[in-house]
Amino acid sequence: MAQSDPNSSQTSTGTPRDLTGVYSDELGFFTMDMNVPGLSKVILQKLNMKDYEDYRAALEGKKGAEGFGIHSYHEMFQKMEDTYKFCAECRRLPSNLPDPKALRRCKRCQNVYYCCKECQRANWPTHKKFCKTLKLVAIDRLVEWLVFTGDLPFPTDVWPKPASQVSGWDDWFSMQGELDNRLDAVLTSRYMGILWSNAGKPRPEEPELRESVKRVSTEFLSRPLTIGMGLLNFGLDPSARPLTVHVVGASHNETLNARVSDLDELVRMFPGTQALQVVMVGPEVVDGSITRPPLSGYGPRGQVYISSKKGFYHDFWETLVETQEVMRPDLVVGFHPGFHVSTGLAEGWLPTLLLLRDYKIPSLFTMYNEQELKCSLQILVDLECRITAHGVNPFSSLKPEQVQSSPNKPVAYCHSHYVAFHGPVEEMDMGEEQQEEEEEN
Ligand SMILES: [Zn+2]
Ligand SMILES: [Zn+2]
């Protein structure tokens with residue numbers, strides 16, 4: 001599955017990645033044009049960019065916001081919405097219609113468009129299966145802007161019980177004292193007001209907006225909590241000793257507009273954290289406030305210390321970990337590595353996976369759905385990695401994600417599934433299996 005949402009580049013929408021040098025969004029752009037011919041061009045135009053190269057440059061911070069030619073909030077939201085404007089049935093863009101203004105929006109979901117009544121009618125049998133969810137998606141992609149403005153996530157509490165006893169989001173939300181007040185503060189914030197007076201869509205009812213704020217919060221917190229889940233999975237306790245986590249295959253999803261406080265929920269998850277260092281490593285790492293050298297020793301006491309390094313993980317390992325310039329990881333996490341769709345596993349992920357296996361580094365990877373999990377599991381099994389756990393992530397994002405160029409498809413959720421592995425399949429295990437087979441024979 002390829003999803004790309006470069007317009008909300010200030011946020012973290014999650015895009016399957018390929019680490020073979022082909023940038024993930026280039027792949028996304030390609031898929032997009034397969035579905036809706038010309039859509040990627042519209043997106044670039046809206047961003048005032050002439051081509052994909054320009055887009056990459058902007059992502060890498062080589063082009064300032066003024067370069068995007070956006071002068072008002074209204075224009076910003078308008079341009080973002082424009083990239084969703086094509087007929088969901090015949091796939092025509094406004095520019096290919098006799099009257100570009102004839103495009104009408106589904107009143108229920110405020111998300112998909114039609115060039116005429118006939119197309120809308122023809123599409124309904126399919127669209128009705130997705131309309132309800134697409135309504136949530138349309139609200140969430142606007143509310144997500146509040147992560148960029150700093151209104152989200154709302155302030156959270158230290159976990160009052162051991163992390164191992166917190167079973168998922170219901171539990172987590174119930175630990176936030178006076179949750180309604182916290183949500184109200186977001187709902188009445190200045191930027192929430194600005195958002196709905198410029199969005200070109202009616203402001204949803206309060207309960208709907210409240211739920212959206214909760215979903216977007218889970219999207220943001222899914223990353224720290226998945227790292228925390230990984231630590232628990234391998235019996236690593238940050239309050240028992242200082243720990244180092246490497247995030248491999250990090251891209252603009254994790255690093256664009258990243259803040260040094262992005263993973264602070266981990267300190268609340270593990271009260272008494274001694275020191276937790278997180279290094280983001282990947283060829284698509286973007287420069288920003290977390291661009292600082294990884295530490296050669298432990299991180300500062302009682303904090304999560306994030307740093308980043310651009311490049312392939314196996315190179316990073318060779319030049320910095322092997323030489324002991326940076327700490328060896330206690331845990332390695334990969335968010336949506338997508339190595340199952342990687343066109344060149346050998347160049348990109350293979351050296352990293354083998355390295356993690358052979359150095360017996362506790363590792364955890366996340367996926368968008370069960371199908372991806374199955375494919376990834378197969379690859380890891382083929383590589384003779386010892387799988388220690390896999391399944392549904394209790395801290396999956398609850399924010400549905402649509403395929404921009406193909407809305408009438410099942411939505412996905414970031415980090416919905418995970419697989420953990422540790423070292424190679426033991427030779428002893430292999431021996432036993434062989435023995436069993438022999439006995440059977
Ligand atoms: Zn049409
Ligand atoms: Zn609809």
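A: In this predicted model, 44% of the 441 residues of the protein count as buried. The protein has 17 helices and 9 strands.

Q: What share of the contacts with a separation of 6 or more lies between residues 24 or more positions apart?
A: Such residues account for 78% of those contacts in the protein.

Q: What makes the sheet of 7 strands open, and which are its edge strands?
A: The strand order is β5-β4-β3-β6-β7-β9-β8, with mixed pairing. β5 (304-310) and β8 (385-392) are the edge strands, since each pairs on one side only. Direction ignored, neighbouring strands of this sheet are turned by 20 degrees against each other on average.

Q: Which pairings show that the sheet is mixed?
A: β3 and β4 run parallel and are joined by 6 bridges; within that pair, Val247 has Met280 in β4 as its bridge partner. β3 also runs parallel to β6, with 4 bridges between them, and there His246 stands opposite Val332. By contrast, strand β7 (residues 363-367) pairs with strand β9 (residues 417-424) in the antiparallel sense, over 5 bridges. Thr366 stands opposite Tyr418 in β9. With both senses represented, the pairing is mixed.

Q: Why is β3 called mostly covered?
A: The count for β3 is 6 buried residues out of 6. Leu243, Val245 and Val247 are buried on one side, and Thr244, His246 and Val248 are buried on the other, which leaves both faces of β3 covered.

Q: Which helices lie on the sheet, and at what angles?
A: Helix α11 (residues 206-233) lies across β3 (243-248), β6 (331-334), β7, β8 and β9, and runs at about 140 degrees to β6. Helix α15 packs on the sheet as well, touching β3, β6, β7, β8 and β9, and its direction makes about 60 degrees with that of β9.

Q: What makes α9 roughly perpendicular to α11?
A: The axes of helix α9 (residues 179-187) and α11 come within 10 Å and cross at roughly 100 degrees. This angle lies in the range of 65 to 115 degrees, and therefore α9 is roughly perpendicular to α11. Leu183, Val186 and Leu187 in α9 meet Glu206, Leu209, Arg210 and Val213 in α11. By class, this contact has 5 nonpolar, no polar and 2 charged residues.

Q: How do you know whether Glu372 is buried or exposed?
A: Glu372 has 24 other C-beta atoms within 10 Å. The cut-off for a buried residue is 20 or more, so Glu372 is buried. Glu372 is placed in helix α16 (residues 370-382). Not counting residues up to four places away in sequence, Glu372 touches His340, Met367 and His417. Glu372 and His336 are 36 residues apart in sequence and 9.3 Å apart in space, C-alpha to C-alpha.

Q: Why is Gly302 called partly exposed?
A: Gly302 has 14 other C-beta atoms within 10 Å. A buried residue needs 20 or more and an exposed one has 12 or fewer, so Gly302 falls in between and is partly exposed. Gly302 lies in the loop between β4 (276-282) and β5. Leaving aside neighbours within four places in sequence, Gly302 is in contact with Val267 and Thr273. Its C-alpha atom is separated by 5.3 Å from that of Ala275, 27 residues apart along the chain.

Definitions and conventions:
Residues are numbered from 1 along each chain as its sequence is written. Chains are lettered from A and ligands numbered from 1 in the order in which they are written. This is a predicted model: local features need pLDDT of at least 70, side-chain atom pairs count only at pLDDT 80 or more; totals for chains, interfaces and linings use all residues. Helices (H or I, at least four residues) and strands (E, at least two) are DSSP runs, numbered from the N terminus. Two residues are in contact if their C-beta atoms, placed from the backbone, lie within 7 Å. Two strands pair if DSSP finds at least two bridges between them. Axes are lines fitted to C-alpha atoms, for helices over the stretch in contact, and angles run from 0 to 180 degrees between N-to-C directions. Angles under 35 degrees count as roughly parallel, over 145 as roughly antiparallel, 65 to 115 as roughly perpendicular and the rest as oblique. Ala, Val, Leu, Ile, Met, Phe, Trp, Tyr, Cys and Pro count as nonpolar, Asp, Glu, Lys and Arg as charged, and the others, Gly among them, as polar.
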